[in-house]
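Please open the structure in your viewer and keep the sequence at hand.

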Amino acid sequence: MTGARKIVLGVAALGGLAGGILAWGPSTGPARPGGEPSPGAPASASAAAGGRLFRACAACHTIGRGAPDLSGPNLHGVLGAPVGGNRPHYGYTRALLSAGGRWTVERLDDWLRDPQAFAPGTRMTIHGVARAQDRADLIAYLAGQGP
């Protein structure tokens with residue numbers, strides 16, 4: 001994507017998520033801490049495109065600070081949050097709670113690609129987001145919606 005803005009998330013922006021800097025942009029693509037590119041990651045991610053894609057997610061999820069949970073949890077601040085723990089009063093499935101850890105770029109990519117493979121038995125009703133570019137765009141959008 002020509003002229004795309006690079007999104008750089010530092011440790012503070014991820015609520016203390018350890019591991020350094022995650023960079024998204026046309027020259028680097030989504031990167032793991034330390035600059036190693038994520039496997040199969042597209043060259044760029046667009047938060048604006050992710051916002052448009054999120055409209056489909058809005059049938060079940062809210063994104064605004066303090067917005068209520070729907071049939072799915074509010075996703076404000078999800079990047080860097082505990083898996084199955086972003087919303088303390090939401091009834092996460094045992095399947096998702098057992099995944100443990102935190103939502104990183106890589107884990108969100110795995111989840112969006114195939115929620116049932118990530119956490120067999122989850123209530124997430126989508127079959128997955130097949131296109132890597134769409135997943136990257138959604139993650140870029142989610143990264144901008146939080147603390």
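The stops below concern a pair of helices and then several salt bridges.

This is a predicted model, in which local features need pLDDT of at least 70 and side-chain atom pairs count only at pLDDT 80 or more, while totals for chains, interfaces and linings use all residues. Residues are numbered from 1 along each chain as its sequence is written, and side-chain values use heavy atoms, with hydrogens and water left out.

**Stop 1: two helices.** Select residues 47–57, helix α1, and residues 132–143, helix α5. Helices here are DSSP runs (H or I, at least four residues), numbered from the N terminus. Their axes, lines fitted to C-alpha atoms over the stretch in contact, are 7 Å apart at an angle of about 95°. Helix α1 is therefore roughly perpendicular to α5 (65 to 115 degrees).

**Stop 2: Asp109.** Next, select Asp109 and Arg113, both in helix α3 (residues 105–113) and four residues apart, about one turn of the helix. Their side chains form a salt bridge (2.6 Å, N to O); the term requires a side-chain nitrogen of Lys or Arg within 4 Å of a carboxyl oxygen of Asp or Glu. Asp109 is buried at 16% relative accessible area, where buried means under 20% and partly exposed lies between that and exposed, over 50% (1.4 Å probe, protein chains only). Arg113 is partly exposed at 37%.

**Stop 3: Arg135.** Arg135 is buried, at 5%.

Definitions and conventions. Axes are lines fitted to C-alpha atoms, for helices over the stretch in contact, and angles run from 0 to 180 degrees between N-to-C directions. Angles under 35 degrees count as roughly parallel, over 145 as roughly antiparallel, 65 to 115 as roughly perpendicular and the rest as oblique.
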